[in-house]
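Opening the notebook on a new model today. I want the overall build of one chain, then how its parts meet.

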Amino acid sequence: MNSPIEVNRTAKLFINGAFPRSESGRSFPVADANGKFIANVANATRKDARDAVVAAAAAQPKWAGASAYNRGQIVYRIAEILQGRKAQFMAELNDAGVKSAEKQVDQAINQIIWYAGWSDKLAMTVGSSNPVAGPFFNFSNPEPTGVIAIVISEKPPLLSLINQLCAAIVSGNTVVALAPQSAPLISVSFAEVLATSDLPAGVVNLLTCDSDEIAFWLASHLEVDGIDLSGVSDSELKTKLEFEAAINLKRVLRDFDDGYTAMQSWLEIKTVWHPQGL
Amino acid sequence: MKFEYAPAPESTSIVNIKSKNDLFIDNEFISSKKGSRFITINPATEEVLAEITAATDDDVDLAVTAARKAFKSWAKLAGAERAKYLFRIARIIQDRAREIAVLETLNNGKPIRESRDVDIPLVAAHFFHYAGWADKLEYAGLGSNPKPHGVVGQIIPWNFPMLMLAWKIAPALAAGNTVVLKPAETTSLTALLFAEICQQADLPPGVVNIVTGAGDTGRAIVNHPDVNKIAFTGSTEVGRFIAQSIAGTKKKLTLELGGKAANIVFDDAPLDQTIEGIVNGIFFNQGHVCCAGSRLLVQESIHDELLSLLYQRLELLRVGDPLDKNTDVGAINSAAQLVKIQELAASGEAEGANRWSSSCQLPANGFWFPPTVFTNVSQSHRIAREEIFGPVLSVLTFRTPDEAIAKANNTPYGLSAGVWTEKGSRILEVTSKLKAGVVWANTFNKFDPTSPFGGYKESGYGREGGRQGLTAYLFAGENE
Amino acid sequence: MLNNVSQLPPSLTDVSNTNANLRAFLYGLSGVDQVGADARAAMLATRSIKTSAKLKAIDLAISMIDLTTLEGADTAGKVRALCAKARRPDANEASVPPVAAVCVYGDLANIAKSALIDTQIKVAAVATAFPSGRASLKVKLLDTQEAVANGADEIDMVIDRGAFLAGRYLDVFNEIVAIKNVCGSAHLKVILETGELKTYDNVKRASWLAMLAGADFIKTSTGKVQPAATLPVTLVMLHAIRDFDALTNMRIGMKPAGGIKTTKDAIKYLVLVNETLGEQWLTPKWFRLGASSLLNNLLMQRYRMQTGRYSGADYVTLD
């Protein structure tokens, strides 16, 4: 008996909680590690990137305003959904030539949970109450930087994606992320995880595209407040993007060394003074 | 009875200014081989105070080399020992506080009351605070093995010359870095006095190097390949240039840049203290303050009452000789800055805002601008958007808290803000919604070494002060 | 009507109709931030008053003193000695101006009056069960009437702090109105006893209450409660006077009392007035310093300023 013909998924962009095709109507083909065609992937343009920034900026105040407990539960929910789709991600990582696929998915799930727990602890570890010399109450709180553009690293595909996204969103930032062109399908699948995990629309926007090209538009965009360049491997391009990012003094993460440092890249310390008197 | 205060000038006999000043490199004052000299003046009189060296690329290289050499042993020195040097510096600053204050006022134009009561006490406090950190770095939140970056290039502005030096040098040294610092070209004298203090403290050679000069000297520091970190306070324009210059390098960067702070006054504000806060917000240090409350956002219902009180109060400001102990507003720091203020004030009038200036008498010599208020200002006016960095207040109105927050945040800057209301829950909500790194509620322009300072958005990144200011000079090494 | 409630502008005549109205008015005044008020007063205290300005300030301060003795042990002899000092503060120096007033208990007002009969120096008498104010209105009225009958030009009354703190603002108000009514031509100074009111918000409200009720002067303290006059409390009251003047066109005088001991202290108060109400208030008609030992300190400083030498305790008279 022949197995039924498979229904292939259309690989689209993830903008503002929806899955549109590129406004340009263009796509690019993706093959597996053996060169076999898998899918045509929507090829985002600078206009798609612009739309994604609009969505991210619109979603940011409300996401930042959600309680830390609430954000923590939503990020945890991402891990729950990923756990349910473990087999799918293992298969897709295998397709992309990853040998230790199961280990990476397990690590990814653990890593998401690690970030989820940070939502209500960052204020404790990076904030402070400051004993100023005078009759004032003074405290410093971390607040999210705003809209963060992320160039996702090629390797390890799923873990990089998760680290880079979670480090930004757990504290209330929203994100426009560019999937690596060499292995975009993990991002497409992960967008589907996000879409079913209670994450409000626009908090994460994922684009498949020629990330070298689109990153430039994000680096120079004045409504983007920070940019994670750790996924840019071409050092000349990276320099150019960092240069562009300076136009509005974007916070720049050159290399993703560890999650805790990365989370702090997307935090602004706000210090509030108030007199103490009768 | 008319009660006129007799002149009460602070004596300048306490300071001893060298007519020709060298660079401070490797614990010695050395003259530049090729560098020219430029003059520095007292902006209140235009009298020449001294000649200052314009450090060349070679001089900067010499300074960086000295700092690099010193770094090896300074970073290795036990934290408790580094602490003792910093405590010693703090004490010497306290011992020589009046001398430093007078020199600061002479070279900067700020009132002696401010340099004496604000700047210099804060300088000593800063060294005292960070001295105590030097042997506690593993508690800074960067794991058990935090490491200094190495040689730090520091470039500071002219508005708080000695205080900005302290904000830069104290945490850098506590963390185990060595520094090459460039003071602003119009206000080098207290930095050179600080070099003498380093000698008195017997600080090891090369730990602190002071290179004087203008933009070219700064550029040489930023571009020097052996500098690991740049810390800059100054304009957003130059900050952006620095961020671009270090793109593609491994250099770390913290920037404390411009601002256009909203000072929001609600109808239930404590009015008399609010007036003081507004005055302190924009006329402290002649408005040469990056976090100045330069945009006054007043709830429409109290606009007239507040403005009438404000005008009365501003007429009492004593503008004039910065060395007079009763002076409230001193001289504009330079001719160039005065031109910039005049140009922006003229644009305010041209764009249709109403100008009010204090009727105070301005001295004949020196650079002066009277305390000025613009009313009927719109968000689109240049004086509501651009940093004036002078004693000029732009007044706008709002009707509801949401409108106040929206207008306050409607700027590319995000350094500071003020909120005036007697309602506690409103303070907490408004302060949490303001995109600014420092928010003063029912006060303004307060500073403390334990309190992190720095901006959102185009006001820069990184913090100075407190634990957060210390971590800007450290990174997490491998845990031991 | 002798009290000036009737002279208030129409917007203020209803304020004292009911306790609720009065409370609503007082609580509608903008608040006072303690830290901000303290900081402003401290900043003004750094004013450096030297040379000619200092000499002028010393004479001005002397001319503003309500030279005070308010002891259980006061006698006719003590009051006469004080009056002699008031007329000619410095036995060796005729150029020293006389003080503004002599302040005594009401039963000794006649002694002071006869000792000062040929001078411009006023006789001020404390009344209304000074210093606690804990007596019936009947007693307070009688106390006041007797002081006036004894020749007092000025009555220094105390407010009922208990009633104020209990929220019975109208009772406090009505009592001031009643006392004002029996003062006749005597000026009424209303003592708030700010050391018992504690908060600056209370000081501001009590100042307004007293001014609305007809006070000619508002005064910080009896001198019997610590803290007595302080710079920030005085600043808050001066601001209230400024605002009351702006609203009503009625000028009210100010008298800090108690704890003002040195020339430096006195000059700080003059600076405070100068930089809030301005020169119009810098006259004994509108500003007084309630003090006793201050006078000798001013005289010693005056000597220092004029001769360049420091004076000694035995070169000024103990009275």
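My entries on chain B follow.

I keep in mind that this is a predicted model, where local features need pLDDT of at least 70, side-chain atom pairs count only at pLDDT 80 or more, and totals for chains, interfaces and linings use all residues. Residues are numbered from 1 along each chain as its sequence is written, and chains are lettered from A and ligands numbered from 1 in the order in which they are written.

**Overall build.** I looked up the secondary structure of chain B and found 15 helices and 19 strands (DSSP runs numbered from the N terminus: helices are H or I, at least four residues; strands are E, at least two). The C-alpha atoms of chain B fill a box of roughly 65 × 50 × 40 Å along the principal axes.

**Domains.** Which domains does the assignment give chain B? I got domain 1 (23–257 + 458–476) and domain 2 (262–448), with bounds from an automatic or database domain assignment. Their centres, over C-alpha atoms, are 29 Å apart.

**Where they meet.** The contact takes 20 residues from domain 1 of chain B and 26 from domain 2 of chain B (contact: C-beta atoms, placed from the backbone, within 7 Å). On the domain 1 side, H3 (97–108) and H4 (112–133) of chain B each supply at least two residues; H4(B) gives the largest share, four residues.

Key
Two residues are in contact if their C-beta atoms, placed from the backbone, lie within 7 Å.
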